[in-house]
Amino acid sequence: MQDTIKKANILTFPVAAPFDIAYRNDSPATPVGPHSHNAAELYFTLSHLPDVLLNDTVTAVPPGTLIIIPAFCVHQLYHETGTFYERYILSINSQWLDTVFCKKADCFTYLKQSSAPFLLTPDSTERENLLNRFRQLLSSSNITTPGAMADFFELLSLLDDIIDRLSPESNHAFPISAAQERVNEVIAYIQEHIYDNLTVTDLAKHFFLHPDYLSRLFKRHAHTSVCHYITLQKIATAQNLLREGYTVTQVQEKLDYSSYAYFFKAFQKNAGISPSRYRAMVNE
């Protein structure tokens, strides 16, 4: 009888688990480089982050900031070895989000893949309330119980309330240095021409910079090479196109890859799955 009751208190889902939560206060031996993933992410930093890459922007982020990262957004949040970073990370499965809340629904739009990354600067009371919600959710021993799901939706509800109360001016951009601004200009140009076959030489010519100087500047603030960043953005775009129903060949040609083999290799390396398998998985 007790086993029956326990089983009744476990929820099952038609897709992967709805979320994953973690608390970290450590110095990464090998920081994760710029990347994107098939999940929305709430990253609550309690440490200063000097060079955060969020899609098309490099900026400094102060402690107590909640970084909202939609799916397929290229990002990197920390990079220094030997530095301690304290943070809460809540990853929300995008497929689950689309299943529970219709893709075209108005709720939680800031978590959906069509949205831009968002820096939330709550006041002291809101910050403490968010911390308490993260801690409560983290204390759940099993995320597939009704209690854990209730805690999860309470956190999202609190976040929704805070965002609704904020005016656009209250979420002001953080200061950006002149060097970061130049890198942001390069990134914006890459995104505008993501369907072209861009090279470092092309970018340097457009911005009247020496290719070596551009490469060093980009690496210093985006913490990856220009070529690798272009590849990451192309693969993130490819994932979106495949989710929209484009064929693998159409995506390869649209993103100006010279051959299917070249596109396959780049996609497999950065997404961890072949483009055909990925397309089948997200459209099943």
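Which residues point one way from E5, and which point the other way? In this predicted model, Thr65, Ile67 and Ile69 point to one side of strand E5, while Leu66 and Ile68 point to the other side, and all of them are buried. Since 5 of the 5 residues of E5 are buried, the strand is largely enclosed by the rest of the structure.

**The five-stranded sheet**

Strand E5 belongs to an open sheet of 5 strands, which are arranged in the order E1-E7-E2-E5-E8 with antiparallel pairing. Strand E1 (19-26) and strand E8 (118-120) stand at the edges of this sheet, and because each has a single partner strand, one side of each is left without a neighbour in the sheet. On average, and with direction ignored, neighbouring strands here are turned by 15 degrees against each other.

On one side, E5 (residues 65-69) is joined by 5 bridges to strand E2 (residues 39-45), and the two run antiparallel. Within this pairing, Tyr43 stands opposite Ile67 in E5, and Phe44 has Leu66 as its bridge partner in E5. E5 is also joined to E8, again in the antiparallel sense, by 3 bridges, and here Ile67 has Leu119 of E8 as its bridge partner.

**The three-stranded sheet**

A further open sheet has 3 strands in the order E4-E3-E6, with antiparallel pairing. Its edge strands are strand E4 (57-61) and strand E6 (75-76), each of which pairs on one side only. Helix H5 (residues 178-192) packs on this sheet, where it touches E3 and E4, and the direction of the helix makes about 145 degrees with that of E4.

E3 and E4 form a hairpin with 2 residues between them, and Asn55, which lies in the turn, has a positive phi of about 60 degrees. Although E4 is an edge strand, 4 of its 5 residues are buried, so E4 is largely enclosed by the rest of the structure.

**Helices H5 and H8**

Helix H5, which packs on the three-stranded sheet, also packs against helix H8 (residues 226-243), at an angle of about 40 degrees and with the two axes 10 Å apart. H5 and H8 are therefore oblique to each other, and their crossing is right-handed. On the H5 side the contact involves Ile187, Ile190 and Gln191, which meet Val226, Tyr229, Ile230 and Gln233 in H8. Sorted by class, this contact has 5 nonpolar and 2 polar residues, and no charged residues.

**Gln239 in helix H8**

Is Gln239 buried or exposed? This residue, which lies in helix H8, has a relative accessibility of 7%, so Gln239 counts as buried, the cut-off being under 20%. When its neighbours within four places in sequence are left aside, Gln239 is in contact with Ser36, Phe72, Phe267, Ala271 and Tyr278.

**Drawing the parts together**

Ile67 of E5 takes part in pairings with two strands, as it stands opposite Tyr43 and also has Leu119 in E8 as a bridge partner. Helix H5, for its part, touches E3 and E4 of the three-stranded sheet and meets H8 through residues that include Ile187 and Ile190.

Note on methods
Residues are numbered from 1 along each chain as its sequence is written. This is a predicted model: local features need pLDDT of at least 70, side-chain atom pairs count only at pLDDT 80 or more; totals for chains, interfaces and linings use all residues. Side-chain values use heavy atoms; hydrogens and water are left out. Two strands pair if DSSP finds at least two bridges between them. Axes are lines fitted to C-alpha atoms, for helices over the stretch in contact, and angles run from 0 to 180 degrees between N-to-C directions. Contact means heavy atoms within 4.5 Å. Buried means under 20% relative accessible area, exposed over 50%, partly exposed in between (1.4 Å probe, protein chains only). Angles under 35 degrees count as roughly parallel, over 145 as roughly antiparallel, 65 to 115 as roughly perpendicular and the rest as oblique. A crossing is left-handed if the near helix is turned anticlockwise from the far one by less than a right angle, and right-handed if clockwise. Ala, Val, Leu, Ile, Met, Phe, Trp, Tyr, Cys and Pro count as nonpolar, Asp, Glu, Lys and Arg as charged, and the others, Gly among them, as polar.
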